[in-house]
Amino acid sequence: PLDILVTWDQVAQKSAYAHAVNTSTTEWRRMSGLFTMENLTLGALSELPAANIDNLLQQFESIPVHRGDVIVKQGDVGDYYYLIERGRCKVTRQIAGTAVELAELKEGDVFGEEALLADSVRNATVTMKTDGALLRLAKAAFLKMLREPLMKRVDFAQAQKKVAGGAIWIDVRFPAEFQTNGLPNAINIPLNDIRQATAGLDHKQQYVVYCQTGRRSAAAAFLLAQRGINALLLEGGLKAMSDKRELET
């Protein structure tokens with residue numbers, strides 16, 4: 001953790017100097033939400049190669065927000081990854097025509113990654129509960145500079161070895177899918193429940209995350225890794241495993 005903090009402190013010092021000579025630049029030392037201890041030592045930011053840090057910071061855009069602003073809307077195409085710099089917001093989802101509040105997010109929390117990782121539409125709406133500020137990162141920069149350094153991929157043979165050594169399967173499909181062909185001894189945590197389930201997972205345990213094609217599990221693996229969980233992604237999901245078996249027969 002010490003080398004991580006030193007690296008980020010040097011970046012912050014550099015940005016403070018740049019801001020002093022050019023007031024149009026962002027002074028990252030003031031971005032308290034980004035520089036929380038949890039973000040720097042446990043989350044996605046802690047896994048970045050040192051050479052990527054400064055480049056990543058240059059890609060973030062700071063935007064002011066106001067109470068009642070809808071930041072992302074359920075059903076819309078994903079375009080940005082967000083980190084809350086100041087303020088609070090609520091996450092709601094339309095279920096049977098009723099808006100159900102799922103969570104409240106605070107300074108330092110992130111959102112918006114599921115749609116970017118799964119290349120799908122937003123599965124919830126995020127609305128500001130207070131005035132504040134957000135840092136946002138465009139999809140292309142997010143995928144290149146945050147997803148790839150954090151994602152740990154394994155094929156089925158590698159995954160089997162990990163499980164034989166004590167790792168645990170996590171199936172992130174819907175319960176009906178899991179009941180049809182879930183892997184032996186796997187635990188079923190649908191993607192929509194991953195955020196809430198993180199608190200019940202063991203940070204010392206290794207997990208191998210899978211779904212049918214690898215799309216939902218890519219989102220889940222990132223969400224887990226971003227919260228300090230040792231998560232591996234089964235590349236291609238169960239479909240890739242099935243395709244390989246067909247080629248071998």
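Guide: The second largest pocket holds about 210 Å³ of space. A pocket here is an open set of points on a 1 Å grid over the protein atoms alone, where a 1.4 Å probe fits and protein lies on both sides within 12 Å along at least five of seven lines; lining residues have an atom within 4 Å of a point. The volume is the space filled by probe spheres set on the points, which are joined across faces, edges and corners. The model is predicted: local features need pLDDT of at least 70, side-chain atom pairs count only at pLDDT 80 or more, and totals for chains, interfaces and linings use all residues. Residues are numbered from 1 along each chain as its sequence is written, and side-chain values use heavy atoms, without hydrogens or water.

The pocket has 14 lining residues, and S120, N123, L191, N192 and R216 are the closest to its centre. Sorted by class, the lining has seven nonpolar, three polar and four charged residues. Nonpolar covers Ala, Val, Leu, Ile, Met, Phe, Trp, Tyr, Cys and Pro; charged covers Asp, Glu, Lys and Arg; the others, Gly among them, are polar.

Two helices can be followed into this lining: α4 (113-118) and α9 (215-226) each supply at least two of its residues. The biggest share comes from α4, with three residues. Helices are DSSP runs of H or I with at least four residues, numbered from the N terminus. R216, one of the residues closest to the centre, falls within the span of α9 (215-226).
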